[in-house]
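Q: Please take a close look at the charged side-chain pairs in this model. Then set them against the rest of the fold.

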Amino acid sequence: ALDYVGGIIKDNGGELFRDLVEAFPDAILIVRNLDAIFVNPAAANLFGVSRPDQILGRSVVDLFAADHREAVTNAIERSLRGERTLNADARIVAAGT
C-alpha cells in the first residue's frame, strides 16, 4: 500500500502530498537548520500569522517566548541526535508582531 501511495505522490510531482499536508487540520512545520522551510495553514494560525510565508525562513526558536527558547533549542538538538525528548510546554509568541 505504501508503494502505491508513494507512486501516486511521485507521479504527481509531490503535489498530492503538498495538498494533503496543507489541508491537514493539525499544525505542520518542517525545519532545516532551525529555519522554517514549510508551514501549513494550521501552523500559520497557531503562530498568529495569516499566511504561511510570514514564517518561512525564520528561526523556529524565535517563534517561542524568550524565556523558553533555550529549552526549545535543547529539545530540538536532543531530537536531532536521536534522543528521546520529553514533552514540555513552551509559550509561543505571535510571529506576526
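**Charged pairs and their setting**

A: Asp 53 has a relative accessible area of 45% and is partly exposed; the scale calls a residue buried under 20% relative accessible area, exposed over 50% and partly exposed in between, with a 1.4 Å probe and protein chains only. The model is a predicted one, in which local features need pLDDT of at least 70 and side-chain atom pairs count only at pLDDT 80 or more, while totals for chains, interfaces and linings use all residues. Residues are numbered from 1 along each chain as its sequence is written, and side-chain values use heavy atoms, with hydrogens and water left out.

The side chain of Asp 53 meets that of Arg 51 in a salt bridge, at 3.0 Å from N to O. The term stands for a side-chain nitrogen of Lys or Arg within 4 Å of a carboxyl oxygen of Asp or Glu. Arg 51 is partly exposed as well, at 44% relative accessibility. Over the whole structure, the search finds 3 salt bridges.

Another of these pairs joins Arg 91 and Asp 67, whose closest N and O atoms are 3.0 Å apart. Arg 91 sits in the segment after α4 and Asp 67 in the loop between α3 and α4, so this pair ties together parts 24 residues apart in sequence. Helices and strands here are DSSP runs numbered from the N terminus, a helix being H or I with at least four residues and a strand E with at least two. Asp 67 is exposed, at 56%, whereas Arg 91 is partly exposed, at 45%.

Arg 81 and Glu 83 also meet through their side chains, with 2.9 Å from N to O. Arg 81 is exposed, its relative accessible area being 55%; Glu 83 is partly exposed, at 38%.

Of its 97 residues, 21% are buried. Among contacts between residues at least 6 apart in sequence, 33% join residues at least 24 apart, a contact being heavy atoms within 4.5 Å.

The interior can be described through its nonpolar core, meaning a set of buried Ala, Val, Leu, Ile, Met, Phe, Trp, Tyr and Cys residues joined through side-chain atoms within 4.5 Å. The largest such core has 11 residues, among them Ala 36, Val 39, Ala 43, Val 60, Phe 47 and Phe 64. At least two residues of this core come from β2, and at least two from α3. Leaving aside residues up to four places away in sequence, Val 60 touches Leu 29, Val 31, Leu 34, Ala 36 and Ile 76.

Phe 47 and Phe 64 are both buried. The aromatic rule pairs rings of Phe, Tyr and Trp (its six-membered ring) whose centres lie within 6.5 Å, with planes under 30 degrees apart counted as stacked, over 60 as edge-to-face and the rest as tilted. The count under this rule is 1 aromatic pair. The ring centres of Phe 47 and Phe 64 are 6.1 Å apart and the planes stand at 85 degrees, so the pair is edge-to-face. Both residues lie in the loop between α3 (41-46) and α4 (69-80), 17 residues apart.

The strands complete the picture. Strand β1 (residues 29-32) pairs with strand β2 (residues 35-39) in the antiparallel sense over 4 bridges; pairing requires at least two DSSP bridges. Ile 30 has Phe 38 in β2 as its bridge partner. The hairpin has 2 residues between the strands, and Asn 33 takes a positive phi near 55 degrees there. Asn 33 is exposed, at 70%. Leu 34 lies in the loop between β1 and β2, also with a positive phi, near 70 degrees, and it is partly exposed at 29%. Most residues other than glycine have a negative phi.
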